[in-house]
Each structure stands twice: as structure tokens, then as C-alpha cells.
Amino acid sequence: GRLARWMKAGLLQLTSTDDPAANLTATRAMMRDAAGQGAGFIVTPEVTNCVSVSRSHQQSVLCLEVDDPTLVGLRAEAAALGVWLSIGSLALKTDDADGRFANRSFVINPAGDIVARYDKIHMFDVEVSDVETYRESAGYRPGNRAVTTQTPFGQLGLSICYDLRFAYLYRALAQAGANILLVPSAFSPVTGAAHWQALLQARAIETGCYVLAAAQTGDHGGRKTYGHSMAISPWGDVLVDAGTTKSVSIVNIDLYAVSDARKRIAALSHDRTFEGP
């Protein structure tokens, strides 16, 4: 089939709590809001189902993918609304011997079917400051496979949050055909203020892709996130900056802008092999 030229995308900016059931209710309501504004593709942030700093709490509330009520509920909502959905990620239990969780993104079609899964490759193991340390790999096992998936409005390249700092992943996604890159996130306020917008614009400019980045925002009880969900054009323009409030942002995706940017600067096809350093 011929690609649709236009698609209205809806970016959901959430303040997810550590209560998956409450988060599901809030997310479904915002999906209905976005669809009511004409969005045919809805994107949610990283860890839509649960933001928690407590591993023991996560053990008590998280589920295996096959049992996860958030996944069931969001698939049902996508089907009811007849929209495409990117669940930015869900924190899920796995059968891993070491008990680590998966940080897994899903693409859902308008029938409510799962058409793609992606497990976050790069783990956020950093010391932002003396008082702010993250060790994602202690609780989550990294994925090892890059994923794109075709939709009627373009090919999606999947990523999650800290992946944003690894430019080669996005180049690989774009060279595999992606023209819309997804960067669902729960960015820290310190690194968000310093790097979020610049990195999103760089990824768009390097690849000539749209970048859609739905983000967690605000205070999650023990953890704060940066917000500022963004949509970036293939030329690097900021089309949406959602600020720091819980919100639905609508943006028009026009794939002609992708071909136009890539025609003007065809860097994706100018790779050269080189020796050294």
C-alpha cells in the first residue's frame, strides 16, 4: 500500500506513579483525549506502567508480559480508538535467573495487535552528582536487538531514553529504513536541562528523520523527571515542546519533509569506511 502522506501524532506526557492500575486509567483517558484531537498515532513515555525507586515494590506490582494488565488495557484502548500506539516502555518481569526486569517498548496496531517489541539496549548506569546515582543494569537486563517496524504512515525506529546518547543506533535504524524515530523517556532533570533537546535535534538532523519523544514529567515520589516531550522535524526544528505539565501534544507528521531533508543533505548515503585511529 501507498504510504499516507499525513499523520497526526499525539504525544502523551505523563507523571506515572508506582501504582500501575492508576497509571493505566490515566493513560487510557489521555489516549482518548489525543484521539479526540485527531491523532491516529499515539506515543507514551518510558515506564508508562510504573515509576518506582523501590525494587521490592516493583517485585510486588510488576508482571510478566503475558500477564501484564497495562499491556492488555492499552491494547484494548488502541483497538477501541482505532489508532496506532507506541507504548514507550513497560517495566516487566522476566524469567531470567537473576530476576532482572525488562524495559520493553511495544508498537500496537489499530486492531490491538502487538506488531513490534524492543528491549532497551543501553542501561543508565551513571553518577549525575554526589547525590544522584542510577544503576539501571542492577534491576534491568539490557536488550541486544535494534528494531524497526512498518506502518501506513512510515517506518518506526525504536529506542528508549538513554539510547539517545548512542548515535550509531539511530544511524542503523535510519539506514534500515526508519523515517520516524521514537525516544520515549524518563530523563533526569539535571541531564535533561543540559542535553535533552540538543541530542534529540542531533538525532533528527543526522538521520533526516522525525523524532517523537514522549516523556515522563514531574515528581513521582522519590524520583523526578524532566518532561519536555518533543517532536523534532527531519530538518531539526522543534515542532513541539510540552513543557513540564501532564499534557497531550498533537503534531503533524509529513513524510515529504523526510524526503526533502534527505534530498537537501544526503548524509545517510555518504558513509565511508576509513582506517584508524
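Strand S4 (residues 102-108) is joined to S5 by five bridges, and the two run antiparallel. Strands here, like helices, are DSSP runs numbered from the N terminus, with at least two residues (E) for a strand and at least four (H or I) for a helix; two strands pair if DSSP finds at least two bridges between them. Within this pairing, Val107 sits opposite Ala116 in S5. S4 and S5 make a hairpin with five residues between them, and Gly112 in the turn takes a positive phi of about 90 degrees. All of this comes from a predicted model, in which local features need pLDDT of at least 70, side-chain atom pairs count only at pLDDT 80 or more, and totals for chains, interfaces and linings use all residues. Residues are numbered from 1 along each chain as its sequence is written, and side-chain values use heavy atoms, with hydrogens and water left out.

On its other pairing, S4 meets strand S3 (residues 84-92) in the antiparallel sense over six bridges. Ile87 has Phe106 in S4 as its bridge partner. These strands belong to an open sheet of six, ordered S5-S4-S3-S2-S1-S16, with mixed pairing. S5 and strand S16 (247-254) are the edge strands, each with a single partner, so one side of each has no neighbour in the sheet. From one strand to the next the twist averages 25 degrees, where axes are lines fitted to C-alpha atoms (for helices over the stretch in contact) and angles run from 0 to 180 degrees between N-to-C directions.

Another open sheet, again of six strands with mixed pairing, has the order S8-S9-S10-S11-S14-S15. Its edges are S8 and strand S15 (238-241); each has a single partner strand, so one side of each is left without a neighbour in the sheet. Here the twist averages 15 degrees from one strand to the next. At the S15 end, strand S14 (residues 230-232) and S15 run antiparallel and are joined by three bridges, with Val240 in S15 as the bridge partner of Ala231.

As for helix packing, helix H1 (residues 20-36) and helix H3 (residues 69-81) pack at an angle of about 15 degrees, their axes 10 Å apart. H1 and H3 are therefore roughly parallel to each other (angles under 35 degrees count as roughly parallel, over 145 as roughly antiparallel, 65 to 115 as roughly perpendicular and the rest as oblique).

Turning to the rings, a search of the whole structure picks up eight aromatic pairs. Rings of Phe, Tyr and Trp (its six-membered ring) pair if their centres lie within 6.5 Å, and planes under 30 degrees apart count as stacked, over 60 as edge-to-face and the rest as tilted. Phe41 and Phe153 have ring centres 4.9 Å apart and planes at 40 degrees, so this pair is tilted. It ties together distant parts of the chain, 112 residues apart: Phe41 is in strand S2 (residues 41-43), and Phe153 is in the loop between strand S8 (148-151) and strand S9 (154-157). Phe41 and Phe153 are both buried (buried is under 20% relative accessible area, exposed over 50%, partly exposed in between, with a 1.4 Å probe and protein chains only).

The rings of Phe124 and Tyr134 likewise have centres 4.9 Å apart and planes at 40 degrees, so that pair is tilted. Phe124 is in the loop between strand S5 (114-119) and strand S6 (125-127), and Tyr134 is in strand S7 (residues 133-135), 10 residues apart. Phe124 is buried, with a relative accessible area of 16%, and Tyr134 is buried with a relative accessible area of 16%. Ring pairs join Phe124, Tyr134, Tyr162, Phe166 and Tyr168 into a cluster. Elsewhere, Arg264 lies over the face of Trp235, at 3.7 Å from the ring centre; a charge sits over a ring if NZ of Lys or CZ of Arg is within 6 Å of the ring centre and within 35 degrees of the ring normal.

Val47, in the loop between S2 and helix H2 (55-61), has a positive phi of about 40 degrees although it is not a glycine, and at 7% relative accessibility Val47 counts as buried. Gly276 and Pro277 are joined by a cis peptide bond, with omega about 5 degrees; Pro277 is in the segment after helix H7 (255-264).
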